[in-house]
Structures are given as C-alpha cells and as structure tokens.
Amino acid sequence: MALHIRDFREADRAALIALWETCALTRPWNDPNADMDRAVASRDATILVGTVDDVVVASVMAGHDGHRGWIYYLAVSPDRKARGHGREMMAEAELWLADRGAPKVQLMVREGNETAAAFYTALGYEPQDVTVFGKWLTPSPEAE
C-alpha cells in the first residue's frame with residue numbers, strides 16, 4: 001500500500017494529535033492544537049499528511065522563516081515504520097521549502113534521541129555548530 005501525501009485538512013486534527021502523542025512528539029508546554037493553528041494561518045508554513053487507504057499514518061510540519069526552512073512533527077505510525085514513509089514525508093517537506101526559496105533546512109532533535117539522529121544523518125543532515133537558547137514570552141507551562 002502506497003503512501004499518499006497531501007495537505008492538512010481540518011478533519012485530520014484529532015488523528016494528527018493522536019499520532020504525535022503516540023510518537024512522543026508532544027510536550028506539555030507545546031499545545032499541538034495551537035501549533036496546527038499557527039501553521040494553517042501562515043503562508044510560510046504547512047502541515048503535510050501521509051495516508052494509506054485514507055488513514056492518517058504520517059505527518060510533517062514545515063515552515064520558512066525567510067532565512068531557512070524548519071521541520072517539526074515528523075511522525076510515522078509505529079505500525080508503519082521501516083517502509084520509507086519518513087523519508088517520503090521529509091522529501092515532500094524539502095520540496096515544499098525549496099519551492100519557497102529556502103536555501104537550507106534545519107530541525108531539532110532532543111538529546112538522547114539516537115534513533116531520530118541516525119534517521120536524519122542517513123538523509124544527509126549534519127549536526128550544526130550552534131546551541132539553541134530559548135525564552136518564554138508567555139507564562140511557562142513548565143512552571144505550573
């Protein structure tokens with residue numbers, strides 16, 4: 001069964017959140033609904049959905065900040081792993097970004113996630129000589 005990749009539809013919302021939770025991509029301080037809302041409202045972001053027989057099995061969110069592209073929420077249902085779906089989703093996200101003039105794409109991998117690091121390395125991604133800093137502009141849900 002081939003993977004069909006298409007743009008996000010509002011009817012995908014619950015299935016995507018369930019997929020992201022299953023793949024351990026959500027965190028208490030990042031509301032996936034709000035992340036979707038921001039991507040849908042922006043001309044500079046997209047959510048691509050991978051389906052098999054009209055069932056959501058994969059996703060990727062991509063955005064362009066005017067300087068480089070960013071990848072978020074790459075997910076493949078655990079029962080669909082090792083079938084090339086992650087590679088297909090990344091290829092589509094990279095095409096989407098290239099079509100918008102992004103000269104480079106970046107993503108973040110959490111410390112200790114060696115499986116994800118190996119996957120991205122196999123796709124040609126390399127660790128960058130940067131340290132990511134962050135600051136909450138709204139009250140931090142972590143503090144609650």
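Searching the whole structure turns up four salt bridges, a salt bridge being a side-chain nitrogen of Lys or Arg within 4 Å of a carboxyl oxygen of Asp or Glu. The model is a predicted one, so local features need pLDDT of at least 70 and side-chain atom pairs count only at pLDDT 80 or more, while totals for chains, interfaces and linings use all residues. Residues are numbered from 1 along each chain as its sequence is written, and side-chain values use heavy atoms, with hydrogens and water left out.

To start with the charged pairs, aspartate 12 and arginine 6 join their side chains in a salt bridge, at 2.7 Å from N to O. Here "buried" stands for under 20% relative accessible area, "exposed" for over 50%, and "partly exposed" for anything in between (1.4 Å probe, protein chains only). Aspartate 12 is buried at 5% relative accessible area, and arginine 6 also counts as buried, at 12%.

Then there is arginine 38, whose side chain meets that of aspartate 35 in a salt bridge of 2.4 Å, N to O. Both sit in helix α2 (residues 32-41), three residues apart, which means about one helical turn separates them. Helices (H or I, at least four residues) and strands (E, at least two) are DSSP runs, numbered from the N terminus. Arginine 38 counts as exposed, at 54% relative accessibility, whereas aspartate 35 counts as buried, at 13%. Elsewhere, salt bridges with shared partners tie Glu10, Arg13 and Asp37 into one network.

Now for the nonpolar side. A nonpolar core is taken as a set of buried Ala, Val, Leu, Ile, Met, Phe, Trp, Tyr and Cys residues joined through side-chain atoms within 4.5 Å. The largest such core has 20 residues, and those touching the most other members are Val60, Ile71, Met89, Met90 and Tyr120. Two or more residues each come from β2 (45-52), β3 (55-64), β4 (69-76), α3 (85-99) and α4 (114-122). Helix α3 gives the largest share, five residues.

Tyrosine 120 is worth a look of its own. Leaving aside residues up to four places away in sequence, tyrosine 120 touches Leu74, Met90, Leu107, Val109 and Tyr125, where contact means heavy atoms within 4.5 Å. There is also a second, separate core of 15 residues, with Ile17, Cys23, Ala45 and Val56 among them.
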